[in-house]
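User: I would like to learn how to read the sheets, helix packing and chain contacts of a structure like this one. Could you take me through them one feature at a time?

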Amino acid sequence: MRLLLVEDDRMIAEGLVKGLRDEAFAVDWVRDGAAAMAALQDRRAGFSVVVLDWNLPRRDGLSVLQAVRASGSTLPILMVTARDGLTDRVKGLDNGADDYLVKPFELAELKARVRNLLRRAQGRPTSELIHGNLVLDTVTHTVRRGDCTTLLSAREFSLLHALLERPGAILSRGRLEERLYGWDESVQSNAIEFVIHSLRKKFGAEVIENVRGVGWRIGPLT
Amino acid sequence: MKSLRGALTLWVWVTIGAVGAVSAVVAIWQAQLETQGQLDYQMQQVAQIVAGQTFTPGEQAAELSDAKIFPSIHVHHDRDDDLIVSVRNPDGRLVYASRTNRHLPGQSLPDFEQMGFQTRRIGHQSFRVFAARSASGLRIQVAQSMDVIREAEGGIAAATLVPIGLLLPSLALVLGWAIRRQLRSLGATTAVIASRPPLSVELLPADGVPLEVSPLIEEINRLLRRLTTAMDREKRFVTDAAHSLRTPLTALQIQAEILDGGDGPEERAARLAQLRAGIKRIIRLSEQLLSHARSQSEIGPITVTSELDSALAEIVAYYASTAQSKGVEVVLEAQSAARVYGNTRRLTLIFGNLLDNALRFTPGGGRIRIRSFLAGESVRVELWDPGCGLPPEELERVFERFYQASENEGSGSGLGLATVQALVGQLGGEVHLENRLDRSGLVAIVTLPVAGCARFLPRP
């Protein structure tokens with residue numbers, strides 16, 4: 001799950017990056033509005049969600065928000081700010097923020113809100129992704145299959161999540177790498193295969209199908 | 001406490017008393033003048049009438065009845081108040097004397113040489129005497145007891161003084177009442193003020209207030225307006241301060257939450273180090289808030305002076321370890337040899353904040369230069385850092401409270417420069433930032449007035 005973090009305070013940003021990576025997000029961090037616009041206009045980045053600070057150097061968060069919405073994008077955006085006034089909150093929401101979180105907040109709440117934004121964006125009623133007899137819980141990062149519940153590592157979760165979002169769709173290596181890794185993370189050439197291998201070991205080879213030369217998709221589980 | 005009403009009443013009464021006393025004196029003086037004139041005239045008239053009479057030389061004056069000569073002349077009804085008359089022929093023999101008078105019992109007027117009006121003592125009594133010589137050579141003397149004259153004067157004076165004596169006290173009473181009544185309108189204003197809530201800074205109503213009181217009300221309102229401004233500033237500061245705490249607190253919160261995540265002991269140690277840095281940041285911010293709040297409080301004139309160069313040396317020494325750990329060299333060229341106002345603590349805050357900023361923006365291996373030198377009546381301190389400078393539009397804005405320079409990455413409190421500006425301003429100096437002309441960093445320039453005649457101190 002690729003997340004764009006726009007935050008000018010280094011300490012907050014570093015904490016969020018780590019916290020969100022623990023949660024299996026591929027986090028890209030930029031520290032001003034102009035950089036945020038550049039990142040969002042990069043089509044290949046394919047962000048699933050944006051955490052946007054209001055007070056930013058060069059171009060403030062509200063202006064970024066307006067520009068994104070003006071371009072017709074429905075990308076889920078969570079506004080994070082120290083501005084707690086009612087008018088500010090209303091202004092943020094009215095300008096297209098999907099949610100609004102006031103500093104100081106707890107990381108757990110930010111994560112929950114981000115998950116919620118993703119769930120709503122994907123039109124799911126609950127935090128679970130279900131395909132056949134496989135249920136992925138996006139809160140606990142566990143997979144339930146029959147009576148058996150298995151905890152996933154961050155990468156495993158991200159990869160499975162990506163495949164389960166649109167069952168049947170084939171995702172290329174590049175696409176998966178984008179979903180799993182931020183810009184500044186080094187990706188080894190066989191990293192994706194390594195994650196797929198460990199998933200197959202846990203749930204059986206049929207869970208992920210390899211479409212030779214194209215990519216991978218979730219298997220028809222029953 | 002001085003009572004306006006008491007003072008006014010006292011003044012009114014004193015004035016009325018003085019007016020009463022003066023008018024009494026004038027009345028008595030005028031009564032004297034008038035009575036004297038009248039009685040003198042009377043005596044003159046009598047003398048004239050007597051002069052027209054003929055006196056038989058043989059006739060003994062004492063035996064004569066007054067009625068024979070003056071059938072109708074009486075000064076007063078009281079016969080004792082009658083005029084005393086004596087007539088002498090040219091050789092000095094008494095030809096006529098009025099009958100015995102209470103004031104001059106059993107004797108007639110002595111012979112006075114002097115003509116005209118005079119005051120004489122006869123026995124124990126004073127008399128007003130008019131002496132004249134008739135055409136036929138008769139020497140006529142008319143006298144009246146001063147007691148009678150004074151009595152008459154007293155009567156006239158009383159006629160004037162009694163109404164004054166009655167009127168003035170009533171005037172005093174009426175004025176006293178009027179003063180009390182007029183001052184009651186002040187009581188209404190007092191009631192308005194008394195009924196206000198304790199922290200109300202609403203302006204006092206100026207209408208319906210007496211003309212004399214309205215300047216006072218206006219002054220109070222002016223004070224209230226200043227108070228409102230100060231309170232607003234205070235409120236804004238508290239809000240801003242609470243706001244400024246949010247970001248570092250958020251960082252702390254997040255850092256604490258991610259502590260138990262992270263793979264491996266190295267990552268955990270890194271996260272713990274970050275948490276510690278976050279706590280340090282909060283502590284620093286609270287210190288900055290405190291010194292900023294102190295810098296905003298009003299102070300009297302600063303008389304204490306310090307040696308600038310040694311203060312700078314101390315500050316540089318204090319930051320030496322920070323500089324060293326960053327690999328930054330700090331060079332001090334202190335050449336002012338001047339004393340400036342302010343104690344060491346204040347100077348430490350001023351230049352410590354500036355040096356702290358310079359250190360923050362100086363990359364490792366860089367060199368910060370601090371120069372101090374005299375420039376006329378003031379001393380100039382320059383801090384040169386090799387950082388990246390500031391966009392021109394931010395050079396002034398960074399002095400605003402809680403303004404964070406865009407390159408700052410949130411490590412500052414947004415208060416340092418605002419505090420420096422306030423502290424320098426209180427010393428009568430000024431501070432500003434300039435980009436180095438080659439855009440290779442920033443120069444902070446502080447000018448401070450030299451204290452007293454310190455610039456004549458010998459160089460060390």
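**Reading the sheets and helices**

Analyst: In chain B, five strands make up an open sheet in the order β2-β1-β5-β4-β3, and the pairing is antiparallel. Please keep in mind throughout that this is a predicted model.

User: Which strands are the edge strands of this sheet in chain B?

Analyst: They are β2 (94–97) and β3 (116–122) of chain B, each of which pairs on one side only. Neighbouring strands of this sheet are turned by 25° against each other on average, with direction ignored.

User: How many bridges join β1 to β5 in chain B?

Analyst: Strand β1 (residues 84–88) of chain B runs antiparallel to strand β5 (residues 139–145) of chain B, and five bridges join them; one residue to look for is Ser86(B), whose bridge partner in β5(B) is Gln141(B). Helix α1(B) packs on the sheet and touches β1, β3, β4 (125–133) and β5 of chain B, its direction making about 145° with that of β5(B). Helix α3(B) also packs on the sheet, where it touches β4 and β5 of chain B, and its direction makes about 55° with that of β5(B).

User: At what angle do the axes of α1 and α3 of chain B cross?

Analyst: As a general idea, two packed helices are described by the angle between their axes and by the distance between the axes. Here the axes of helix α1 (residues 4–51) of chain B and helix α3 (residues 146–194) of chain B cross at roughly 165° and come within 8 Å. Because angles over 145 degrees count as roughly antiparallel, α1(B) is roughly antiparallel to α3(B). The crossing of α1(B) and α3(B) is right-handed, and the residues of their contact comprise 23 nonpolar, seven polar and four charged.

User: How do α6 and α8 of chain A pack?

Analyst: Helix α6 (residues 154–165) of chain A and helix α8 (residues 191–203) of chain A have axes 10 Å apart and pack at an angle of about 85°, and α6(A) and α8(A) are therefore roughly perpendicular to each other. On the side of α6(A), the contact is made by Arg155(A), Glu156(A), Leu159(A) and Leu160(A), while α8(A) contributes Val195(A), Ile196(A), Ser198(A) and Leu199(A). By class, the contact of α6(A) with α8(A) has five nonpolar, one polar and two charged residues.

User: What is the strand order of the open sheet in chain A?

Analyst: Five strands of chain A form an open sheet in the order β2-β1-β3-β4-β5, with parallel pairing. At its edges stand β2 (26–30) and β5 (99–102) of chain A, each with a single partner strand, so one side of each is left without a neighbour in the sheet. From one strand to the next, the twist averages 20°. Strand β1 (residues 2–6) of chain A and strand β3 (residues 49–53) of chain A run parallel and are joined by four bridges, with Val51(A) of β3(A) as the bridge partner of Leu5(A).

User: How many residues lie between β6 and β7 in the hairpin of chain A?

Analyst: There are two residues between β6(A) and β7(A), and in the turn Gly132(A) has a positive phi of about 60°. His131(A) stands opposite Leu134(A) in β7(A).

User: Which helix supplies the largest share of the side of chain B that touches chain A?

Analyst: In all, 22 residues of chain B are in contact with 21 residues of chain A, and the largest share of the side of chain B that touches chain A, 11 residues, comes from α4(B). The residues of that side of chain B divide into five nonpolar, 12 polar and five charged.

How values were computed. Residues are numbered from 1 along each chain as its sequence is written. Chains are lettered from A and ligands numbered from 1 in the order in which they are written. This is a predicted model: local features need pLDDT of at least 70, side-chain atom pairs count only at pLDDT 80 or more; totals for chains, interfaces and linings use all residues. Axes are lines fitted to C-alpha atoms, for helices over the stretch in contact, and angles run from 0 to 180 degrees between N-to-C directions. Angles under 35 degrees count as roughly parallel, over 145 as roughly antiparallel, 65 to 115 as roughly perpendicular and the rest as oblique. A crossing is left-handed if the near helix is turned anticlockwise from the far one by less than a right angle, and right-handed if clockwise. Ala, Val, Leu, Ile, Met, Phe, Trp, Tyr, Cys and Pro count as nonpolar, Asp, Glu, Lys and Arg as charged, and the others, Gly among them, as polar. Two strands pair if DSSP finds at least two bridges between them. Two residues are in contact if their C-beta atoms, placed from the backbone, lie within 7 Å.
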